[in-house]
Structures are given as structure tokens and as C-alpha cells.
Amino acid sequence: MGDPIQLKEEGNKHFQAGDIDKAIECYTKAIKVCQDKKVLAVIYRNRSACYLKKENYANAASDATKAIDVDAKDIKALYRRCQALEKLGKLDMAFKDVQRCATLEPKNKAFLETLRRLGAEIQSKLKTSFSTDSRVQNMFDILFDEESEKDKKEKAANNLIVLSREDAGAERIFQNNGVTLLLNMIETGKPEMILAAVRTLSGMCTGHKARAMAIIQMVGIDKMCSIMALDNEEIALAACNLFQCINDSLTGGDTREYGKEADLVMDPSKDLKTILLSLLEMVASKKVSGHGRDQALNLLSKNVPRKEKKEMDHSKSLFTIDHGLKKILKVCGQVPELPDQLPLTENTQLIASVLLNKLYDDLKCDPERNNFRDICDEYIKSKIDPKDMDKTIHAINCISGLLQGPFDVGNALVGRQGIMEMMVALCGSEREVDQMVAYAVACILVNCTNSYEKKEILPELVQLAKFSKQHVPEQHPKDKKDFVDKRVKRLLKAGVTSALAVMVKAENIILTDQTKEMLARVFLALSEDPRDRGTIVAQGGGKALIPLALEGTEAGKVKASHVIAKIAAISNPEIAFPGERVYEVIRPLVNLLHTDREGMQNYEALRGLTNLAGFSEKLRVKIVKEKALPEIENYMFEENEQIRLAATECMCNLVTCKEVQDRYLDDGNDKLKLLVLLCGEDDDKLQIAAGGALAMITAAQKKLCTKMTLVTSQWLEILQRLCLHSNVQVQHRGLVIVYNMLNSDNSDLAKKLIESELLEILSVVGRAEDNPKRQEAIDAARTCLVKAMDLGLIKPFASPS
């Protein structure tokens, strides 16, 4: 490898001979093998001198630093690093190094001269660098220089923005023809230049009333609006911020203090009014981009309504309603799929609805609210045209926007003559653009039928609001039940079910899970009156409900399933759900048999399953396969009498199914015991259901006749009560059970029955005269007596002489 001392000496010789490359080569080899730190520091210092000769100043500074790290007082290394740093333009760092050199050797003229020279250069540079005017001019020069590098332009733009956020910097930009130069930047049409200029103007306007008013005059409100109207989201947002900064400065919204210039400023009210009118013009202008429209609406929403209700002045809201309400309604009614519409973003109409709601909420009294409603009513009325579906779509969309904003205004408009008929026609249209408004129409129909989620209003809070003289939102007269019922009837008459069915079948992106939920809500409201369910079925509602019950939000599926239950409970399944669809309705009904569902949903699902189970064996098997049995059995224990009855009636229709019978044959459960005990309840309907189930299951499975005597000691007493019941349907079921027990091949059981009081009961009922009203029971008793005679348990009746 070589000796480091020898390599160093060779390097020194090459350096003295002027062969710098050879010297660097020797020093580099010496560095690799040297283990002595002090020697290593000398080698680094020598190689630093070589790099200075080669004008490789970065390496010269690096090597000098490594020498200084070993010996901080290495004066040669310090001075060489000073020379390198000066060449690299790092004057302040070079100055520190030579300052240390002069401290170590105060009489060294070279050090003193370098110290003086560097000090003078630093002062000159600082003076130039910290001259704000120079900085501002330098930034603009870079920005307007076509040959400037992109990175330099971006840095200059950012520096300009930062400078404008300091009051001194903002003032220097303003005083040095900055506004004109910023306008020139905007005129370039380059997005990055426009963005930098607008952000700089925002900084200049912030917290300075006089400067903000001057900039308004120099730039012009129309120019600012045209910038915000550009189809560039970032620029639109920056222009919006500029307007907000101006507004805050002119209204005192910015509370920072920047001197006493406010005392010299004229009244800003005229400029504020002009800005308000200009923003309202932007709202409905076709020349404005969707991003620009969003920001105009956002500015209005933020600055027009009062921030605190205790403020008395709400004149801006009244002015906006008078001069701009129809313009905002126009935005709400836009349908992007139609030709000649305003440019929008996906959020524009929602932002417009929020603004409408804030304006309406800012009103103080009923006359002001009535005026708001009247303007909306007049606008909607002007757009309803049965001969022009495009205008009608606009009106419907507009109402939808109101329903998302000031709800009671939109809800009142829904009740106008002709609105619902137009909605139904729109839903039933085969034109794709008409179907695209399905979401809006679904929203309106939900409100027509009052099927939206309602928040419970506590009476105590209403009283508190009245006491504090606050406006108390009250139920609109047309939201009361009788009016809602009339609207539902009108919708049904207009063929709304057919329209809903068309919407369900629509294969487009509008049929979202939320839309499906709204359609399910409407169906649920339409099915409230049992007399209307036939109309729903006749117009294809049964078929349309199945996909709504199987797909969508959980709430939507539950509501659609509830409607299916209502229809299935009272309709002929073959008609309501024709073909194979009848098997598809079972799963939605079973979905309602959970404790987290409402009691009415449980009840009507059970009734629907009861009707289906009584229709065919295939349906009974399907119900069992959907694992409904455990749920139905659980509801037979329910405390609610109606639900318990519905579950028992359902089981009565299912017991003919072999799998159900097997469950009753299994040991270790109380299923048969429950059925026997339910026969002993006081409710006639419950006794009919339980007695019917017991009669059919004991006829099908003779073993159960014996088992029922073992599950409860009350069996005979309950059986006797059934056979003596005044209700012929209950009595008939009890007598059938007795016959099944006599026919069970259990001679001991048959003998026990005949030896009990049942023989007397059978005799009394069987000897009664024929009576059409009680004939079923009489015939059943006689059949039991004949069976007892066949078994030899009683003798034949003697014929009278």
C-alpha cells in the first residue's frame, strides 16, 4: 500500500513542481493508508491547496474542514477554507473563518485585508438583498423574463406571495407599481402566473381597508369575477379568497391592526353592494365555470346571512332574496344531461341548496318567509309545462333542491296542483335523461308521502323556544295525516306505482342504494291503507319490490321487505308475485323476523308467511329452508298478544311439513308443550290457531298423541275445555284432537280418555240435533263415539223401543 509519510512527501514535490494532478493522486493514496490523525490532517490540508489550484472549491472546502476537525487552530486549513467559501459565494461563512485566522495571528496583513474586503462585500450584499424595492423588482423581473428557469419563477412567485403577507412588504409592492405588474401577470393567461398574482393581491388586501379599496378600483370587480369564472379549481378558490379578504377588510371582519389608515377611507358600502350584485350575476351566468359558480355561492353563503341571530341587520339577506333568489333556483334546477345548461361541478347544486336554507333561516318574520315562498312558487309555476318535458324536469329538480335546503318551502310546493302528475309522467318516461332525475323525483316522493326519517320534537324544547321568543318550526298543515293520505291517493290514482316500477328496472348509475331506499320508503307509505295494496299489485308493485328488498342499504331492504309483508298478508300470492317470484319473497319476510326489527314488522312478516304457508307445500318447504322455524317458534313465546297469535297461526300452516313434524317429535324441547298450553289460553283466535296446529300434527304423527300427555299434566283439562268451548271452531279442533288420540293405536290412552269426563262431553255434543252453525263439531263428536265403539270401549247406543 505504501508509507503515508513517503506518499505525502512525494505529493509535496509534485505540488512544488506544479504537477497538481500527480500531487492529488499521492495525497489521496496517503489518506487511504494513514492511521495517524495529525498526519492525516496535514495531508487533507495539502490536498485542499491542490483543489484550490484546480478551482475545485467544494472539494477544497471539504478537505480543509476535515483538517480543522482534527485541529481547530489549523490556521492554514482555516484560511484555505475561507478562500474556497468565498469563491462559492458563502461570504458570511468565509468571513467567520478569516476572522478566526486574524484572531490567531492579529498582525497578518493578508488576513486583515481579506477580513476588511469580505466585510465590505457582505455589507454591500446585505444592503442590496434587504432592499424591499429591489426584492420586489427582482421578483417581477424573474417572473416576466421568458428565459428564466421554471424553478426560479416558482421561487419568485412564492417570495412575492410571502412578502405581500407582511404589511411592510405589501405596501412596498403597492407603492412600486405592483398592482399594474400583477395585472400584467394575469394577462399572460398562464395559470401559475394568475395564481401567484391573485394570491399576492389577497395578501395586499388583508387587514388594510384603504389598500383593499384602492385595489378594487385598480383591478375592477368585473375583472376579479372573470378570474374566478375560469375553469380552474385552484384559481377559482384563490379568487374566492381574494374576495373574502376584501370583504373582511371593508367590513372589519379582520380584527388585526395595521395603523390608522381606516380613518382616511371613504364609505365602502357601495363597493360591497357592487360585489354582492356581481356575485349574484355569476351564479346564473353561462360564462362562469362550475368551479367559479361554486365559489360565488360559497361567498354568498358565508357573507350574506347573519353570523349571529342577535345581530339586528339582515338587509343583505333580503337584498339577495329580491335580486338573486330566482338565480339560485335556476342553479338548483339544472340537469347537466340536457343541452344548454349552466356549467356545474358535482357539488354545485348541493351548495346552492345550503345557501337557500341559510337565507330562509336568516328571515325574522312570517311575512318575509311568505315572500320567499311566493318567489319560489312563482318560479316553479313558470317552469311547469306539460308540453315541454325539459322545463318540467327543471322544475322538479328545483323542488328537489328546495327539499334539501328550506324543507318546508319545498314540501309546500310539492302539493301544488299538477306537480305530482308531472313527477309520475317523468318517472314513467323511457327517455334516458328523464330517468336520470330519478334520484330527485324519489326524494320528492319521499317528502310527498312524509316517509322520511322524522326527529322527535320534545314538547319541553318547544315550550322553551316559545319562552325565549325563538321561531318554532311547526308542522305544516299539509303535513298532517289527512292531507298526506289525500296526496297518497292522488299519487296512486296518477299511476305512481307503475312509475316506481319503471325506476326500479332502470339500469343506470342514478339507481344508487340511497335511491333504492327512498323508493322503498315511498312504497311503504303507499301501502299503509290495505285497500290500496291491490292497486299497488295491479300496477306491478309486487314485482318491483323484490329487488328493493334484496339489494341496497339495510334500512331500504327492511322497508321494502315490510311492504312485501303487508301485501303478502292479504293478497293471493299467485297474483301479487306471479311465477317463480313468489319464492323470492320468502327471504325478505324472514329477514324481518329479528328482535332488532320493529314489532309491526315482525307481526306483518309473520302474517305474510302464514298466507304463503297456507298456499302450497313447495312454499312451506321454502320457508323451512330459509331457516324461519326457530324465529317463528321464538315469537310463539312473545308477550305481545298479536305477535304471539301471528306466529302460532303461521306454525299452524307449517305443521303439515315433514321437517316441522320432526322438530315436534324430537325429545328435549318444549315445542309440543307450548302448543298444548296455548290451546288453554283465553283468546279464541289463539286457541283456534294452536288447536288447529295440534289437530293436524297429531293426525300426521300418532306418536305425538302419547307425547302430549307427557309434556304437561294439564293436557286433559285443556282438552276438555276445548271440547266444551262455545266457539264452534275451537270446539271442532278439540274434538279432532280427541279423535286423533283414540286413533293413535295406544289402547291405554284411548281407555283413559273414555274413562274421563270426555265421554260425557262427546255424548252430549254427539246427541245434539243437527245444526248448520255447529255441524262440524257435532259430526266430529259422533265420529269419536263411533271410534270408541269400534275399540270396544263403549257399547252401541240402544235403539228406542
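Begin your tour by selecting E55, which sits in the loop between helix 3 (37–53) and helix 4 (57–70). Keep in mind along the way that this is a predicted model. E55 is exposed, with a relative accessible area of 57%. Now look at the backbone: phi of E55 is near 60 degrees, a positive value in a residue other than glycine. Most residues other than glycine have a negative phi.

For a second example, jump to K627, in the loop between helix 37 (617–625) and helix 38 (629–635). K627 also has a phi near 60 degrees, positive although the residue is not glycine. With a relative accessible area of 68%, K627 is exposed.

**An aromatic pair**

Next, select F140 and F144. The structure holds 3 aromatic pairs, and F140 with F144 is one of them: the rings are stacked, 6.4 Å centre to centre, with 20 degrees between the planes. Where do F140 and F144 sit relative to each other in helix 8? They are 4 residues apart in that helix (residues 132–144), a separation of about one helical turn. In an α-helix there are 3.6 residues a turn, so residues three or four places apart point the same way.

Move to M228, in helix 14 (residues 221–228). Is M228 buried or exposed? Its relative accessible area is 0%, so M228 counts as buried. Show its neighbours: leaving aside residues up to four places away in sequence, M228 touches A236, A239, C240, F243, L279, M282, S289, G292, Q295, A296 and L299.

Then pick V446 in helix 25 (residues 438–448). V446 is buried, at 5% relative accessibility. A line from the C-alpha atom of V446 to that of S285 spans 32 Å, and these two residues are 161 residues apart along the chain.

Now select helix 43 (residues 703–711), where the buried residues are L704, C705, K707, M708 and T709. Their cover includes helix 40 (658–665), helix 41 (671–679), helix 42 (684–700), helix 44, helix 45 and helix 46.

How do helix 44 and helix 47 pack? They pack at an angle of about 10 degrees, with their axes 10 Å apart, so helix 44 is roughly parallel to helix 47. Zoom in on the contact, made by L716, L719, Q720 and C723 on the helix 44 side and by L758, I761 and V765 on the helix 47 side. By class, this contact has 6 nonpolar residues, 1 polar residue and no charged ones.

The last stop is helix 48 (residues 775–790), which has 16 residues and reaches 22 Å from its first C-alpha to its last, close to the 22 Å expected at 1.5 Å a residue. Colour its buried residues: Q775, A777, I778, A780, A781, C784, L785, K787 and A788. What covers them includes helix 45 (728–742), helix 46 (747–755) and helix 47. Finish at G792, which follows helix 48 and has a positive phi, near 75 degrees.

Definitions and conventions:
Residues are numbered from 1 along each chain as its sequence is written. This is a predicted model: local features need pLDDT of at least 70, side-chain atom pairs count only at pLDDT 80 or more; totals for chains, interfaces and linings use all residues. Side-chain values use heavy atoms; hydrogens and water are left out. Rings of Phe, Tyr and Trp (its six-membered ring) pair if their centres lie within 6.5 Å; planes under 30 degrees apart count as stacked, over 60 as edge-to-face and the rest as tilted. Helices (H or I, at least four residues) and strands (E, at least two) are DSSP runs, numbered from the N terminus. Axes are lines fitted to C-alpha atoms, for helices over the stretch in contact, and angles run from 0 to 180 degrees between N-to-C directions. Angles under 35 degrees count as roughly parallel, over 145 as roughly antiparallel, 65 to 115 as roughly perpendicular and the rest as oblique. Contact means heavy atoms within 4.5 Å. Ala, Val, Leu, Ile, Met, Phe, Trp, Tyr, Cys and Pro count as nonpolar, Asp, Glu, Lys and Arg as charged, and the others, Gly among them, as polar. The expected span of a helix is 1.5 Å times one less than its number of residues. Buried means under 20% relative accessible area, exposed over 50%, partly exposed in between (1.4 Å probe, protein chains only).
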